[in-house]
Amino acid sequence: MRKGIALVALIAMLACVFMPSVSFTEDRDTVLLAKTIYAMGKDESYATKLAIGTVVMNRVESPWFAGTLGEVLQEQQQFPAGSRYDDESLRAAHAVLSGERTLSAAALYCQPLDAAERWDGGSLVETLGGYGFYSDNGQI
């Protein structure tokens, strides 16, 4: 009997050590942002994913856009509404929702560098991966 309990305890301990941490209760905003980051940058580096999340949060914090994450992400023709996300996109979402920013507050737009129609309504702030990040007022 003791061997059985010890074996179960050993298996549980090894599972905690070798399995990544899993959260079964992610909040709605984190998952929503992770889905957007994944939809836009699933093949991009973590740094690019952070930059995409930064643009979203810059809009939330800007007086010129809607005041909540959900409203910003639901603006028409702005951000894709993804249905999936991965661990890296979730980690980037957690980071930006916790205050990490990789671009200046002026970066309010992003576009793939290979987009068929280029957006020319602002100044390039930075290029990361396959994306250009832009401000609309020339401030960098």
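Accessible areas here come from the Shrake-Rupley method with a 1.4 Å probe.

**Figure 1. The whole chain at a glance.** Welcome to this predicted model. By that method, the chain exposes about 8700 Å², and carbon and sulfur atoms supply 56% of this area. Of the 140 residues, 35% count as buried. The secondary structure comes to 5 helices and 3 strands, and from the N terminus on the elements run α-α-α-α-α-β-β-β. Among contacts between residues at least 6 apart in sequence, 60% join residues that are at least 24 apart.

Figure 2. Before the close-ups, a quick look at confidence. The mean pLDDT of the chain is 85, and 79% of the residues reach 70 or more. Where pLDDT is low, the predicted coordinates should not be read in detail.

**Figure 3. The largest nonpolar core.** Here we step inside the chain. The largest nonpolar core has 31 residues; Leu33, Val55, Val56, Leu69, Phe79 and Phe133 are those with the most contacts inside it. Two or more core residues come from each of H2, H3, H4, H5, S1, strand S2 (123-128) and strand S3 (131-135). Which element gives the most to this core? That is H3, with 7 residues.

**Figure 4. Val56 and the residues it touches.** This view stays with one of the core residues that have the most contacts, Val56. Leaving aside residues up to four places away in sequence, Val56 touches Leu33, Leu69, Val72, Leu73 and Phe79. Leu33, Leu69 and Phe79 are also among the residues with the most contacts inside the core.

Figure 5. Helix H5 covers residues 87-97. Which of its residues are buried? They are Ser89, Leu90, Ala92, Ala93, Ala95 and Val96. The buried residues of H5 pack against helix H2 (28-41) and helix H3 (46-61). Just after H5 comes Gly99, which takes a positive phi of about 110°.

**Figure 6. Ser89, a buried serine.** Ser89 lies in helix H5. Is Ser89 buried or exposed? Its relative accessible area is 0%, so Ser89 is buried. Not counting residues up to four places away in sequence, Ser89 touches Ala34, Ile37, Tyr38 and Lys49.

**Figure 7. A charge over a ring.** Arg91 and Tyr46 meet in this close-up. The charged end of Arg91 sits over the ring of Tyr46, at 4.0 Å from the centre of that ring.

**Figure 8. Two aromatic rings, edge-to-face.** A pair of aromatic rings is described by the distance of the centres and the angle of the planes. The model holds 2 aromatic pairs. One of them joins Phe65 and Tyr109, which are edge-to-face, with 6.1 Å from centre to centre and 65° between the planes. This pair links distant parts of the chain: Phe65 is in the loop between H3 and helix H4 (69-74), while Tyr109 is in strand S1 (residues 109-112), 44 residues apart. Residues under 20% relative accessible area are buried; Phe65, at 16%, therefore counts as buried. Tyr109 is buried as well, with a relative accessible area of 18%.

**Figure 9. Two places where the chain meets itself.** Ser45 has its place in the loop between H2 and H3, and at 37% relative accessibility it counts as partly exposed. Ser45 and Gly129 are 84 residues apart in sequence, with 6.9 Å from C-alpha to C-alpha in space. Ala105 lies in the loop between H5 and S1 and is exposed, with a relative accessible area of 61%. Ala105 and Ser62 are 43 residues apart in sequence, and their C-alpha atoms are 8.3 Å apart in space.

**Figure 10. Gln77, a positive phi in a loop.** Our last stop is the loop between H4 and H5, where Gln77 lies. The phi of Gln77 is near 55°, a positive value in a residue other than glycine. At 81% relative accessibility, Gln77 counts as exposed.

Definitions and conventions:
Residues numbered from 1 in each chain as written. Predicted model: local features only at pLDDT ≥ 70, side-chain atom pairs only at ≥ 80, totals over all residues. Heavy atoms only, no water. Buried < 20%, exposed > 50% of the residue type's maximum accessible area, 1.4 Å probe, protein only. Helix = DSSP H or I, 4+ residues; strand = E, 2+ residues; numbered from the N terminus. Contact = heavy atoms within 4.5 Å. Phe/Tyr/Trp six-rings, centres within 6.5 Å; stacked < 30°, edge-to-face > 60°. Lys NZ or Arg CZ within 6 Å of the ring centre and 35° of its normal. Core = buried A, V, L, I, M, F, W, Y, C linked by side-chain atoms within 4.5 Å. pLDDT = per-residue confidence, 0-100.
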